[in-house]
Each structure stands twice: as C-alpha cells, then as structure tokens.
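Please look over the sequence and the structure shown here before reading the notes that follow.

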Amino acid sequence: MHRLTHIYTGNGKGKTAAGIGMAVRFAGSGGKVLYTQFLKDHTEDELEILRTIPQITVCLPEKSFLFSRELTLSQQNEIRQSCTVHFEKMIRETADHAYGLLVLDEILLADHLHFIPHEMLLYFMKAKPENLELILTGRNAAEDLYGYADYISDFQCVRRPDWSRISAQPETGTNPESGSP
C-alpha cells in the first residue's frame, strides 16, 4: 500500500494538533506510529498522553532546544548537530521497524532555519518507504518540498488574543466553577 505525505505549515495554530490527531487516529486503527519533535523543550502536555497509547512511540532528541532569535553561533551549531543526528535516527528507525506513520513535528521550521540539511529532508521525502505515511509540521515550509507532498495544509492566523490585549490563556482543562480539572 502506498502511504501519503502531509505538510502542515503556516503561521496559524493547529499544525502540531493536526499531526497529533493523525497519530491518534492511525494508532486507533491499529497502526504503529513514531512521533518526534524538533525545536521544542519536551514539556508539552500532549507528550504524556501520546506515551500512554501502546501503538505510539515518542522518540525525542537527547537535548531539547527552544528556538530564539538571539542564539550565538556556538548554540546554532549545537542545535544543528542535535537536529541532524536526531533526524538521521528517525530515518533509521523507520527503516528498522514496522512503523506505518512518522510524525516529524516542527521539522519544517528546523529545515527553514538550516538546523537540518535540506537535501537530507528532500531525499527522505523522495525515497521514503511506500508503506510509511509521513507528516511534516512547522512554519515556513520550503516550496520545493511541495512536489513530494500529497496533502498540503496552510494554517493561517486570522486573530490572536494578544492583538486585542487579552493575555494568552493556559491550555489546561479546568472546571471554572470548581477550580479543579
């Protein structure tokens, strides 16, 4: 079976959530999922729930990095090394194990910032196993990747609370009447 490639990009919220939703849906139908993140600090709440689903393997880089515009050249090189090594590991994992879905969360931003070799990502998209569904998320997807994607979704921000001076709200589930989850 030929599985498809998805790109979720744009400046709006929801790209990671779309990738997670696809992972849960794929696992729910009995498929085996490999999920990873680039340029995040590994404290996201969704990681805990994903780890409870037996069909989903969460594999994160050894060290976490949050992107900042004020990185030194040494920090940039460290992030580049870490992201490249981790991406190589994900390629090996999909070749060595029977994963049906690979979610590369924020790899498109890592690619845009030159933290992974663009040619490596392009080659992987061209040569991925036919039985592997591939999801790439992140802002600033390079247009030359589009030719290798079956689905391209561009998430656009129309409004943000901070534009109208409303502070961002926590993404926790609390009951407003009782103050508890």
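Which residue is the bridge partner of Leu104 in β5? In β5, Leu104 is partnered by Leu136. This is a predicted model, in which local features need pLDDT of at least 70 and side-chain atom pairs count only at pLDDT 80 or more, while totals for chains, interfaces and linings use all residues. Residues are numbered from 1 along each chain as its sequence is written, and side-chain values use heavy atoms, with hydrogens and water left out.

**The sheet**
- Strands β4 (residues 101-105) and β5 (residues 133-137) pair in the parallel sense over 4 bridges, where pairing requires at least two DSSP bridges between two strands, and strands (E, at least two residues) and helices (H or I, at least four) are DSSP runs numbered from the N terminus.
- Helix α5 (residues 118-127) packs on the sheet and touches β1 (5-9), β4 and β5, its direction making about 150 degrees with that of β5; axes are lines fitted to C-alpha atoms, for helices over the stretch in contact, and angles run from 0 to 180 degrees between N-to-C directions.
- The open sheet has 6 strands in the order β3-β2-β4-β5-β1-β6, with parallel pairing.
- Its edge strands, β3 (56-58) and β6 (151-154), each pair on one side only.

**Around Gly31**
- Gly31 lies in the loop between α1 (15-28) and β2 (33-37).
- With a relative accessible area of 14%, Gly31 is buried, a term that means under 20% (1.4 Å probe, protein chains only), with exposed over 50% and partly exposed in between.
- Leaving aside neighbours within four places in sequence, Gly31 is in contact with Phe26 and Gln55, contact meaning heavy atoms within 4.5 Å.
- Gly31 and Gly100 are 69 residues apart in sequence, and their C-alpha atoms are 6.0 Å apart in space.
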